Structure formats: structure tokens, C-alpha cells
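Grab a pencil and have the 3D view open beside you.

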Amino acid sequence: MTSAKSIRLSHARISRALAATALSGVLAAVLAGCAAPAPPPPPPPPPVAIVIPPVSLSPKVVEQASAYRAYVDRAGAISPGFTSGADVAQGLKTGAAYEPSQLLRGAIAYGAVVALQDPAFVAGVRKFAADPDQRRSVAYEIMKDPAYAVGFAGSSSAAGLVMTALGDDGRKLLELGRSIHQAAYDVQHQPWSKAEVADRGGRMQQAKELSSTPGLGEVAETARLQMAVTTSGQLNVSGQSVSPPYTSLVIHSLAVAALAALGYADDNSLGQVMPILGEPTSATCLNMSKLNLYQCLAVAKPHYEDVFCLGQHVLKDTGACLLRGVGAADPEPPVFDTPRVTPVSTGASPKRSHGRKHRD
């Protein structure tokens, strides 16, 4: 009897325990349903924006190009119609006013702006601008060896533009120099031309000072060139595609243009760009032109001999340097039925030798 009662009590306790456990489960489920939902996972990070730098060229490089253009325009405007010693002195002052290294830097810088007028070349370079690592690597190769720029698509058409633009400048000076060279003979019919130049030492010193003083570009031309860096068609240049090999001057122009298209020719990269604005062959040619001018002025006495020095060693020699710099052959020298050039001391000046034809 007692044993049966105990068994019933045990069953009752077990039942109450199971009921309590079930109630706890129900309460836990209810409470869980009332709790705040778990927060959603965070959204994925936005894709990293690829920043492609714009085509840019340091204003200091553009100023070099503008100074070059200013010299070519001023020198190209010298008239061979001299009527006095003052005219000759002014023409000599205008023509001698360039520093050889700066003129060369300006020619290459202008060539770079010209190359940027070629959309195919710019597009060929810009293909490597999207990836920062690739852009930096390509720019480094150009800085290390400017000839690397020849490998870009569009380089042949860009080179043709550079050769035409700089070649036209050189030919303009060369042909004007020939006209002034001829004027050295023609003005001898005028009495003033045979008078001796006053203060010959001062005239020589002025020529040397002008040859060592950097020139400046015109504000309007500088602005036009700066716009041409990013806008094709601004310079109204044209030319035929030319296959390599190219001269150093043309290669260096392409290299600076390529760096500009990669965004590596701004002020921050000026230390790497400026050395490319020079090359030894053209530098030697322009320096020799100046030395020949000094030698000519050292022995020139009458005004007509100064006209000869201006035509031969300022304009013809400088124009020939630009032509050779882009690989253009000098045009066939004209034949004059006029006085021939004969040596005078250590230089040369025009002397009468009637009826003799010669090539200069």
C-alpha cells in the first residue's frame, strides 16, 4: 500500500516537472518572438574609383614654347629693305636675341604641344593612363629613354606634325637669311652702307648679352599654347605621317608630349621633364651659330658687313639648325648673279666681284 502511494507521488512529481519544463519552453519561445530582429549584414564597400589624370603640361614648359614662338615671329619679321645703319643695328639686335639652350628647349616644348594636337597619338598614350601602376611604369620608361615614346600608336603621325611645324620655322628663317645675305650686296649702292659702324665693341657686347639673356613669350600666345595642350586643332598644324627613325629633337618632343598625356609633365614632374628639353646635336649647332656670329662681328666694319653677319650667321645658320634638327635636308642654295663672299681676316664679308655666279 505504502509502496503504491510512493509510486503515485513520484509520477505526480515527474508530471509537474515535465509540465514546468514545457511551460519554460513555451515562455522562451514567446520571449524569443518578442525580441528585436538581428541587424542585416553591412553592404559591400563601393568600388574604388579610378582617377585618370588629365593631359597636362607645366606652365613653365609652355612658357618655353611661347618664348620660342616669340623669337621665330620677331626674327621672321626682319625686313631686308635696310635704308640706314640704324635699320641694320635694329635687325641685328632682334635676330641675335636668343639664348641657344633656351631656344632649343622652346623648340622641343613647342614640338610637344604640336604632337598633342594629334588625337591618335594622345589616345595611344592614354590607353596606359587608367591603371596607376602601369601609368607610372610607362612614364618611368619614357624618362629613362625618350625613344620609348616612338612605340605608341599614332607616333608616326605626331612625328610628321612636329617635323613639319619646326621645319617650317627653320625654312622661314633660312630663306629670310638668304634675302638679307643678298641685301648685303645690294645696299652697297647706298653710301650709308659703306660707313663704319660706330662703337663696334659695344655692338659686339650687346650681341653677347642678348645671346645669354632668356627671352619671354607673349601672353596671348602662352594662353593659346596652354589651351592647345588639352584641345586638339588649336594650332592649325598639319603634316604627313613619317616612319622612324627620327632625330633626337623629334623624339624628345614626342617624349614630352607622351608624359603630358600620362599626367606626368606637370609642375610635380618638372625635374624629370626639363632634362628632356634638350639634345646635344642641335645644341652644338646653335652654339656654333653664335660663335660664327661673334667672329663675323669681330671683323665687320661697314654697315653692309653687319648685314652679311645678320643674314648668314643669325638667320641662315639658325634656320639650318632647326631644319637639321628635324631631319629635313637644307633646300638647294640659290644661285646669285651678284658679288661673291671672300674671306676678310678671320671672318667673311661681302665684297664686289662683278659678274660672277656662285652658290652660298
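**Exercise 1: helix α13**

Helix α13 has 23 residues, and its first and last C-alpha atoms lie 32 Å apart, close to the 33 Å expected at 1.5 Å a residue. Keep in mind as you work that this is a predicted model.

*Solution.* 
- Step 1: Check the burial. Of the 23 residues in α13, 22 are buried, so the helix is mostly covered.
- Step 2: Look past the end of the helix. Gly327 follows α13 and has a positive phi, near 85°.

**Exercise 2: the cavity**

*Task.* Find which residues line the largest cavity, and sort them by type.

*Solution.* 
- Step 1: Search the whole structure, and one cavity of 30 Å³ or more turns up.
- Step 2: Note the space in the largest cavity, about 40 Å³.
- Step 3: List the lining: Leu104, Leu249, Ser282, Leu286, Cys321 and Leu322.
- Step 4: Ask which elements give two or more residues to that lining; they are α12 (280-299) and α13 (303-325).
- Step 5: Sort the lining residues, and you get five nonpolar, one polar and no charged.

**Exercise 3: the pocket**

*Task.* Work out which helix gives the most to the lining of the largest pocket.

*Solution.* 
- Step 1: Start with the space in the largest pocket, about 150 Å³.
- Step 2: Its lining is made of 14 residues, and nearest the centre are Ala89, Leu92, Arg203, Gln206 and Asp306.
- Step 3: Pick out the elements that each supply at least two lining residues: α3, α8 (200-210) and α13.
- Step 4: α3 gives the most, with six residues.
- Step 5: For the types, count seven nonpolar, four polar and three charged in this lining.

**Exercise 4: aromatic rings**

*Solution.* 
- Step 1: The structure holds five aromatic pairs.
- Step 2: Take the pair of Tyr71 and Tyr98: the ring centres are 4.9 Å apart, with 65° between the planes, which makes the pair edge-to-face.
- Step 3: Tyr71 belongs to helix α2 (residues 59-76), while Tyr98 sits in the loop between α3 (85-96) and α4 (100-115), so the pair, 27 residues apart, links distant parts of the chain.
- Step 4: Use the cut-off for burial, under 20% relative accessible area. Tyr71 is at 3%, so it counts as buried, and Tyr98 counts as buried too because it is at 4%.
- Step 5: Now look for a cluster: ring pairs link Phe121, Phe128, Tyr148 and Phe152.

**Exercise 5: a loop residue**

*Task.* Is Ala97 buried, partly exposed or exposed?

*Solution.* 
- Step 1: Locate Ala97 in the loop between α3 and α4.
- Step 2: Its relative accessible area is 26%, so Ala97 is partly exposed.

**Exercise 6: helix α10**

*Task.* Why can α10 be called largely enclosed?

*Solution.* 
- Step 1: Helix α10 (residues 248-262) has 15 residues and reaches 21 Å from first C-alpha to last, close to the 21 Å expected at 1.5 Å a residue.
- Step 2: Because 14 of those 15 residues are buried, α10 is largely enclosed by the rest of the structure.
- Step 3: Next comes Gly263, with a positive phi near 80°.

Conventions:
Residues are numbered from 1 along each chain as its sequence is written. This is a predicted model: local features need pLDDT of at least 70, side-chain atom pairs count only at pLDDT 80 or more; totals for chains, interfaces and linings use all residues. Side-chain values use heavy atoms; hydrogens and water are left out. On a 1 Å grid over the protein atoms alone, a cavity is a set of points where a 1.4 Å probe fits but cannot get out, and a pocket is an open set with protein on both sides within 12 Å along at least five of seven lines; lining residues have an atom within 4 Å of a point. Grid points are joined across faces, edges and corners, and a volume is the space filled by probe spheres set on the points. Helices (H or I, at least four residues) and strands (E, at least two) are DSSP runs, numbered from the N terminus. Ala, Val, Leu, Ile, Met, Phe, Trp, Tyr, Cys and Pro count as nonpolar, Asp, Glu, Lys and Arg as charged, and the others, Gly among them, as polar. The expected span of a helix is 1.5 Å times one less than its number of residues. Buried means under 20% relative accessible area, exposed over 50%, partly exposed in between (1.4 Å probe, protein chains only). Rings of Phe, Tyr and Trp (its six-membered ring) pair if their centres lie within 6.5 Å; planes under 30 degrees apart count as stacked, over 60 as edge-to-face and the rest as tilted.
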